[in-house]
Amino acid sequence: MPPSLQPQIPAPSNPLTVYEQCVREGRLKNDDAQQLVNRHLQALYEALLMPPRRGIFSRIFAFKSEPIARSVYIWGAVGRGKSLLMDMFYDTLNLPYKRRVHFHAFMQEVHAAAHTWRKEIEGGKIKIELLAAVAHDIARQSKVLCLDELQVTDVADAMILSKLFTALLEEGVTVVITSNHPPEELYLGGLQREKFMDFVHLIYERMDVLELASPLDYRMLQIRAMQAVYMWPLSEKADEALNEMFARLTHHADIMPMVIEVQGRKLKIPQCYGGIARFHFADLCEQPLGAADYLTIARRFHTVFISDIPKLGAEKRNEARRFVTLIDTLYDHRVKLICTAATPPAELYASGDGTFEFQRTISRLAEMQSRQYLDVPHIP
């Protein structure tokens, strides 16, 4: 378990007892909606750990019975605790073949594997259905697959999801998915959505669909409780505060990098968890990035941390221009920005080409610290 949620006294390790212990210790607030979903995950946990049935009759009639461990699709608004509950389930599940991964990273791996298999199939070296081969490889390594933050914006993903997940379920993989949207609202307005609807039907037929309907956005409550989301000047104290905020919002979980493909290029996200990403200023504004990169970040992440925003001089006009585009894009999508900077916003870029345009950035940085801005939902 993440350190901040680890019970202080020995206790049986399962989703229900861990959640209840955290509530008793004041680490979590008791939430009926979370409890409802967690009890379902507890039942799944117990089913997965149940010894397999033995005997001739169970083998003969197994095909007539419903799978013991039915997959789960959990949806709800940002900040309700979907990733937290999935992590409690995953971390306490004592099984060897399990995996937790961000959905986007998972689909990148699927496309890479499909490319490799396609060369084998087209070369006549093997005869097998492409996605069945990919699913078989995944199933050999992961009998339980936890996929966080499912959202579908790419037509290439949309066209293969039904066949891919049908094959995974046929291979006996139990899938736990979190998403901000109910299945029927996925890929709205996307190309060839009628074909994608096969995946929606599959979810309802083969998975338990659970809404985490908590009225509270815990992420936003934590952000509001912070003394500041724009911290200056740069200092060890500011670094410590930023680190603590990031750890708190990500529940002290293990943080992984991610690579996102943007117009055929690789965009590295140094640290991310669910809908939260963390960057250094240099990662975003000292690299040859542009509007498409920032748009991808703004759509995918509801909260962005940026450390070490420097005071920019005239010689840094390119970095200042990128920063203007970045802030405009985050602002338009109502991304919550938490950062450390060398100066107040008004002093970040006081002279050089583009200082007039930078006045809008100063205004937006100020507004992004306000309660009114923080209260507006993220726009994917």
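Which residues line the largest cavity? In this predicted model, local features need pLDDT of at least 70 and side-chain atom pairs count only at pLDDT 80 or more, while totals for chains, interfaces and linings use all residues. Residues are numbered from 1 along each chain as its sequence is written, and side-chain values use heavy atoms, with hydrogens and water left out.

The largest cavity is lined by Val229, Tyr230, Leu337, Cys339, Leu365, Met368 and Gln369, where a cavity is a set of points, on a 1 Å grid over the protein atoms alone, at which a 1.4 Å probe fits but cannot get out, and lining residues have an atom within 4 Å of a point. Its space amounts to about 30 Å³, a volume being the space filled by probe spheres set on the points, which are joined across faces, edges and corners.

Leu337 and Cys339 point one way from strand β11, together with Ala341, whereas Lys336, Ile338 and Thr340 point the other way; strands are DSSP runs of E, at least two residues long, and helices are runs of H or I of at least four, numbered from the N terminus. Because 6 of the 6 residues of β11 are buried, this strand is largely enclosed by the rest of the structure, buried meaning under 20% relative accessible area with a 1.4 Å probe and protein chains only.

Strand β11 runs parallel to β6 (residues 230–231), to which 2 bridges join it, and pairs in the parallel sense with β10 over 5 bridges, pairing requiring at least two DSSP bridges between two strands. Met231 has Thr340 as its bridge partner in β11, and Phe305 has Ile338.

Note on methods
1 Å grid on protein atoms, 1.4 Å probe; cavity = no way out; pocket = protein on both sides within 12 Å on 5 of 7 lines; lining within 4 Å. Buried < 20%, exposed > 50% of the residue type's maximum accessible area, 1.4 Å probe, protein only.
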